[in-house]
Amino acid sequence: MRVAVLDDYQGIAESVDWSPIPRPVELLALREHLDPGDELVARLSGCEVVVAMRERTPIGAELLARLPALKLLVTTGPFNAAIDVAAAHHLGITVCGTGGAITPTVELTWALIHALQRHLIAEDAALRSGRWQHTVGSDLAGATLGLVGLGRIGQRVAALGHAYGMRVTAWSPNLTPERAAKAPAELLERRALFETADVVSIHLVLSAATRGLVGREELGAMKSSAILVNTSRGGLIDEAELIDALRARRIRGAGLDVYDQEPLPAGHPLTLLGNTVLTPHLGYVTENCMGIFYRDIVDDIVGYCVGNPPRRIKP
């Protein structure tokens, strides 16, 4: 059985124990990113199983139709917006997911907030070049944390905001006062949240309704001293408007783990700005989370081999 793992940037797949799978495994671990196209099709030729590492590679109907040997498609996590599940089912391809963990994304959210509030990147670089202490940080205690989205991740971010002594506010398209109160967070109208927050952190699912939700109006409403953090999906922010706001210093800074295009190309405008902290979609990349992913990947393949694949994803 030929098994391909896409976007295995850290080379984890080679160290996984594939022995529980009852058929011999020929592993193809692609450590470099390949866009859907002829080269990727050629590399995946003959693969019966393909493992997608979250949404790093879009897997649409056209790509699936060019992989006649593919019978099982496994995605890390319980769903994957980059996979055309309906097309896969139409072609007789089983799609399965895995478990995961939300705490790594919560932790990275706060890492980005701290890096921006205390100028950690700039101070680290200055110290290494022989300069001692040149910035003044911003306090979290007494500041306002505005959460765009108050689901499982947003609620945990809110809890830490309270631990720092912050006022916590929230907005999302379907958030009710009752759900906000459980966090607890103060429910605000969207514009009021952006106007009053010192830290805006985004925790929404990307959909047709939420794409570009944070645009010129929202960024224009923010304080010039405020920061914006996004560990959810790049498409939630109008990236061109964000770049303009950062260049003009209309907001103080942005901490981003997700982008419109991933991997982020070398020389991208965001990388040339001094008021950004950028990470390469690391939200879920921890030992614990990756361990859960690969445990369930192997389990999905074992189930497929015996005719009962678990965690099936339906169209």
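Trainee: In this predicted model, is H119 buried, partly exposed or exposed?
Mentor: H119 sits in the loop between α4 and α5 (120-128). Its relative accessible area is 23%. Buried requires under 20% and exposed over 50%, so H119 counts as partly exposed.

Trainee: What is the phi of H119?
Mentor: Most residues other than glycine have a negative phi. H119 is not a glycine, yet its phi is positive, at about 55°.

Trainee: Where is R54, and is it buried or exposed?
Mentor: R54 has a phi near 50°, a positive value in a residue other than glycine. The loop between β3 (49-52) and α2 (61-65) holds R54. With a relative accessible area of 10%, against a cut-off of under 20%, R54 is buried.

Trainee: Is α4 parallel, perpendicular or oblique to α6?
Mentor: Two packed helices are described by the angle between their axes and the distance between the axes. For α4 (residues 103-117) and α6 (residues 152-163), the axes come within 9 Å and cross at roughly 45°. That angle lies between the 35 degrees limit for roughly parallel and the 65 degrees at which roughly perpendicular begins, so α4 is oblique to α6.

Trainee: Which residues of α6 make the contact with α4?
Mentor: The crossing of α4 past α6 is right-handed. On the α4 side the contact uses T103, T105, V106, T109 and W110. On the α6 side the residues are I153, R156, V157, L160 and G161.

Trainee: What is omega for the cis peptide bond that joins E262 and P263?
Mentor: Most peptide bonds are trans. A cis bond joins A183 and P184, with omega about -10°, and P184 is in the loop between α7 (177-182) and β8 (186-187). P263 is in the loop between β11 (253-256) and β12 (276-278), and for the cis bond from E262 to P263 omega is about -5°.

Note on methods
Residues numbered from 1 in each chain as written. Predicted model: local features only at pLDDT ≥ 70, side-chain atom pairs only at ≥ 80, totals over all residues. Heavy atoms only, no water. Axes fitted to C-alpha atoms, helices over the stretch in contact; angles between N-to-C directions. Helix = DSSP H or I, 4+ residues; strand = E, 2+ residues; numbered from the N terminus. Parallel < 35°, antiparallel > 145°, perpendicular 65-115°, else oblique. Left-handed = near helix turned anticlockwise from the far one by under 90°. Contact = heavy atoms within 4.5 Å. Buried < 20%, exposed > 50% of the residue type's maximum accessible area, 1.4 Å probe, protein only.
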